[in-house]
Amino acid sequence: MIRLLVIIIIIILAILFSSNSVKLPYDTKRKRYIQTIIFLLILQSGLRNWAVGPDTYQYFRIFENAREKSWDDVFYNFFNFIGKDPFYDLFLKTFQVFSNSYQVYLIFVACIFMPALGYFIYKNTTRINHALLAFIIYMGNFYGFFSITGIRQTIATALVLWSYQCLKERNLWKFSVLVIVASLFHISALVFFLLYFVVKIKKTKLLFKLSVLGFPLILFFKNQLAVFFVNFADMEDRFGLYAQQYEKGGSFVLTALHVILAIWGVGLYNKMNKVTIFARTMYCTFALAIFFFPLQWVNPSAGRVAQYFTIIIMVWIPYLIDSSSVNKPKFRELMYFLSILILVSISLFAISLDEYKFFWQYMELPKGH
């Protein structure tokens, strides 16, 4: 129920900050709204029970293992590239100089990711209803991973979100540093370098149309594509599992959502460019999301590669709505209402699949632990 409660608060605060009763400049109100929700998400993520999500307790064991390792072993593994993401052990060991509490660490991770998410939303939206919809999308599509499950890739994604702004500003040096550091936490973050080259393609509309038209073909050859990526990266030992067919991989709802968004985006390309100057970058990002999205039908873990790009829908969908209702404010309000209703419905379905408890509440560990 905590997830539903957060969604309700997101909606109520959006209404409150949008009202004239809050005597502040509009952009300040938008900023304060985003900051308030981010603070709420930090508490919700950082104060979770260790049994919440499939990986939280697993990361606790990694946390404890790092504490038992000597500094010599940690440095040796790091400089000789021994183990899985050896930098992460160094990161944990450094954190443990200040605290050995795993709960404090969860709060620390939330304090890394959530402000990056807030900055991403703030820099890529212009209105409170944009931010409202972005947060609702997050709660329905990304909450289950970034808020209650992942840690290494959550930190990596935080750095990728910061790098997105550097890419928009054409600051290649900062963009590259952030993506490289992100890859130290999760090597899959290196895939985000593709966006730098894609945004240089001038015929963005043609590129996007090809990505949409090619989606069925990519979906059909998804297994071969997964094997190709693993072999191309020469990481059979590390990511060989990503190329193995998983019986329950893929989501019809999410796939249908992305296909609808892609088709919708094709029809609104010209209008979108008039609504925001960063439309090209958003379209390029979603084109890569469409390209990698079928991998989740091979293996859910492989689908996480697409997350670096699919997260753009948080700020892309509001502009799609605006582009669909230019000079039609009442129609725009109706579209926002219906979009929120649909997205909240998706969240309600997801809520039935997860359980949340705070760290002071009793909760059984996931099976296998």
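Colleague: Before we start, what counts as a helix here?

Modeller: A helix is a DSSP run of H or I with at least four residues, numbered from the N terminus. Bear in mind that this is a predicted model.

Colleague: OK. Which helix is Ser147 in?

Modeller: Ser147 sits in helix H7.

Colleague: Buried or exposed?

Modeller: Ser147 is buried, as its relative accessible area is 0%.

Colleague: What does Ser147 touch, leaving aside neighbours within four places in sequence?

Modeller: Ser147 is in contact with Gln44, Ser45, Arg48, Met114, Tyr138 and Phe142.

Colleague: How do H2 and H7 sit relative to each other?

Modeller: The axes of H2 (residues 26-46) and H7 (residues 128-147) come within 11 Å, crossing at roughly 15°. Angles under 35 degrees count as roughly parallel, so H2 is roughly parallel to H7.

Colleague: And the handedness, left or right?

Modeller: H2 and H7 make a right-handed crossing.

Colleague: Which residues make the contact?

Modeller: From H2, they include Tyr26, Tyr33, Ile37, Leu41, Gln44 and Ser45. On the H7 side, Ile128, Leu132, Phe135, Met139, Phe146 and Ser147 are among them.

Colleague: What's the breakdown by class?

Modeller: The contact of H2 with H7 has 14 nonpolar residues, three polar and two charged.

Colleague: Switching topic: how many disulfides are there?

Modeller: Zero, from a search of the whole structure.

Colleague: What about Cys166, buried or exposed?

Modeller: Cys166 has 10% relative accessibility, so it counts as buried.

Colleague: And Cys284, buried or exposed?

Modeller: Cys284 is buried, with a relative accessible area of 0%.

Notes: Residues numbered from 1 in each chain as written. Predicted model: local features only at pLDDT ≥ 70, side-chain atom pairs only at ≥ 80, totals over all residues. Heavy atoms only, no water. Axes fitted to C-alpha atoms, helices over the stretch in contact; angles between N-to-C directions. Helix = DSSP H or I, 4+ residues; strand = E, 2+ residues; numbered from the N terminus. Parallel < 35°, antiparallel > 145°, perpendicular 65-115°, else oblique. Left-handed = near helix turned anticlockwise from the far one by under 90°. Contact = heavy atoms within 4.5 Å. Nonpolar A, V, L, I, M, F, W, Y, C, P; charged D, E, K, R; others polar. Disulfide = S-S within 2.5 Å. Buried < 20%, exposed > 50% of the residue type's maximum accessible area, 1.4 Å probe, protein only.
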